[in-house]
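Good morning. I have one structure to go through today, and I will take it from the whole chain down to single residues. Please have a look at it first.

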Amino acid sequence: MLIKIKDGNALNEYKKEYNNMLSEKALEGNNSIMREKFLTFTAKANDYEGAIPILNRIENDILNNFKNLGVEASPLSGIERLREINEYTRPNENLDFNYDYLLSSNLTSKDIIASDSFDFRNKDYFMVNDTFNEVLFLKDLPPDLSDKLLSDLSDIPCDMTITLHINSVEQEKALDLVKSKISFMEQQKIDEQKKALKSGYDVDMIPHELKYSLNEAEQLLDDLQNKNQRMFKVTILIHTKAETLDDLKENVYQISSTARKNNCKVGKLDFLQREAFNSILPIGKNKIDIKRTLTTSSAAIFVPFTTQELFQSGGMYYGLNALSRNLIFFDRKTLKNPNGFILGTPGSGKSFAAKREMVNVLLNTDDEVLIIDPEREYSKLVESFKGEVIHISAGSQNHINPFDITEDYSDEDDPLLLKSEFILSLCELLAGGREGLNTAEKTIIDRSAKITYNKYFADMKNNPVPTLNDFYNVLIEQPEKEAKNIALALELYIKGSLSTFANQTNINLQNRLVCFDIKDLGKQLKTMGMLIVLDQIWNRITKNRKLGKRTWIYIDEVYLLFQNEYSANYLFELYKRARKWGAIPTSITQNVEDLLVSDLARRMLSNTDFILMLNQATSDRNELANLLSISNEQLSYVTNSQAGQGLIFSGNAIIPFIDKFPKDTKLYQMMTTKPEEALNA
């Protein structure tokens, strides 16, 4: 999906560059081909009412089986089925139809989709209106047939429908059929041996074809009796159409060549095009009596799910599908839970992947992007997009007040209750020590937090928001000895050299792109700084929801928050509330092992619908495979993989991807984190 360029937009230069990149990437795969898969099933019944429960039962079984395969499927309505048939009978004409129309006329739904003209006078092709059509059939299949046949056919850039009619044969009838064929061939074998003996030849000298067929039949019997295989009668038809006869012949040539490449043969259906056309329509009728006998395993080769694609209308670019080389376009907002994680070892492309998604958001939407940056990796991108970089350190003049609160801080609950939980988390982090706060200390902190806010909530317009310093003064006034101990533990962060969070907020948070640079906070303040910034971001989320804006949040080195129980709980609660409040948080880390130690982190990972996984260390890879049900083949894409290569988890879909962004672009120069490239930029 190309990005729309608006006159006078300051980002037009980057939009044009991004569109050029997408146009080049689109050439690497078959992105012009739209593939749709339909399954039509039929049932025998005496009347319509008797067929309904049978069809419903089959439908539920099929949907459950697709779900187990990780395939999304949904039943078509009557009008949707008519639209699909209309594609064949009235090509290039849209269907504008409502069933109510039939009540006031003598027409049926068949009349609505009937073509203006059909012409079946030619032996090997036919006309539907002004389009040329031909149906072929797959007649010879090799014993070593692979699932690449359908994949290769569907990659041909032409209008094509592959129809498979698959009918199960009752097991008893299947066994009788195979046994009778074996008996017939054994009689032939005896006859051939008698001829050989009469002519003075070795009795084992029988025709090779007979010997081969007999071996195949005996193997088939063994499969049916001992290997839980079923027998199926299969007809495979290939329909193609074009605007001219020459184009139609070219399509047929490409289909035949692709079949030969897979050791198959395509046959013509001379003088059977009318029957063939009726057989490729999605109505479950097969009028071509050319059938191949296949077992379960052989028929399964034709199940058309060799490559999973991720291409959503209105989505944003996430790289190329590693298998098909098609573009991956995806909209996280469509997920039930759009919260996400980006995981990878150092140098695997984590930060670059996060920046590429930020660029997607900034160029495609009016959403806001907020970043917590512990390693100063995002400043260049933010400055290039005219965003705000806020440097926070112990000696910085930029201050963030952890007591900031909005009227919408909580939804239905009292905002002070939610804020008190945050203050408790903050005090636990600063004054809890190894053993944490005891019950008495927690009670004192909760009481003091409420007292601190009393004056502000009494008159929010005329009273300033309280600060950590005000909270300290309230603690000092409490009669308990524990209160004095808590105040003493907090003094370093209020009166001492680490008092950067003890003042009123004095930074500009109105820009749609804000980066909180906390690299210079040092080890003692970094986790505290991340927690306070996260709470400040929550204030912004509550304001944006009131304005109807989405907020994207990126938290780098998130493992720091999981080193403390209370900060981990705060992040966990933010992830739980984010979707309802229009926020999309993304946690980024290379320390996956540290994450997996935390039960909260494991729950967040297993309940998250979006994960972008890059190269993983061996121990992390095994843990993640068990947690997220990743197959060995899928794991190969995060095993010693190159930068920008990995797996995208989107709902139930797991897509291997490659993201090689062109290096000769301004966007790449502002996103790269490689020192040698940053110096040359």
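What you see is a predicted model. The mean pLDDT of the protein chain is 86, and 95% of its residues reach 70 or more. Which elements sit at the two ends of that scale? Helix α25, residues 675-680, has the lowest mean pLDDT of the elements, 57, while strand β2, residues 126-128, has the highest, 96. Where pLDDT is low, the predicted coordinates should not be read in detail.

Now the chain as a whole. Its secondary structure amounts to 25 helices and 18 strands. Along the principal axes, the C-alpha atoms fill a box of roughly 115 × 60 × 60 Å. Of the 681 residues, 49% are buried. If we take the contacts with a separation of 6 or more, 71% of them are between residues 24 or more positions apart. The accessible surface is about 35,100 Å², and carbon and sulfur atoms account for 47% of that.

Next, the sheet. It is an open sheet of eleven strands with mixed pairing, and the order is β9-β8-β18-β17-β16-β10-β15-β14-β11-β13-β12. The edge strands are β9, at 327-330, and β12, at 388-391, and each of these pairs on one side only. On average, neighbouring strands are turned by 25° against each other, direction ignored. Helix α1, residues 12-26, packs on the sheet, where it touches β8 (316-321) and β9. The direction of α1 makes about 30° with that of β8.

Let us look at part of the sheet in more detail. Strands of a sheet pair through backbone hydrogen bonds, either parallel or antiparallel. Strand β10, residues 340-343, pairs with β15, residues 583-589, in the parallel sense over four bridges. In that pairing, Ile342 has Ile588 of β15 as its bridge partner. β10 is also joined to β16 by four bridges, again running parallel. Here Phe341 stands opposite Ile611. On to the pairing of β16 with β17, residues 645-650: in which sense do these two run? They run antiparallel, and four bridges join them. Leu612 has Ile648 of β17 as its bridge partner.

Strand β16, residues 610-613, is covered on both faces. Phe610 and Leu612 lie on one side, Ile611 and Met613 lie on the other, and all of them are buried.

Finally, the two residues. Is Ala299 buried or exposed? Its relative accessible area is 10%, and the cut-off for buried is under 20%, so Ala299 counts as buried. Ala299 is in helix α11, residues 296-300. Not counting residues up to four places away in sequence, Ala299 touches Phe232 and Leu294.

Glu375 is in the loop between β11 (368-373) and α13 (379-384). It has 35% relative accessibility and therefore counts as partly exposed. Apart from neighbours within four places in sequence, Glu375 is in contact with Lys519, Lys526 and Glu557. Glu375 and Asp520 are 145 residues apart along the chain, and their C-alpha atoms are separated by 8.8 Å.

That is the end of my part.

Conventions. Residues numbered from 1 in each chain as written. Predicted model: local features only at pLDDT ≥ 70, side-chain atom pairs only at ≥ 80, totals over all residues. Heavy atoms only, no water. Pairing = 2+ DSSP bridges. Axes fitted to C-alpha atoms, helices over the stretch in contact; angles between N-to-C directions. Contact = heavy atoms within 4.5 Å. pLDDT = per-residue confidence, 0-100. Buried < 20%, exposed > 50% of the residue type's maximum accessible area, 1.4 Å probe, protein only. Areas by Shrake-Rupley, 256 points an atom, 1.4 Å probe, with all protein chains shown as cover.
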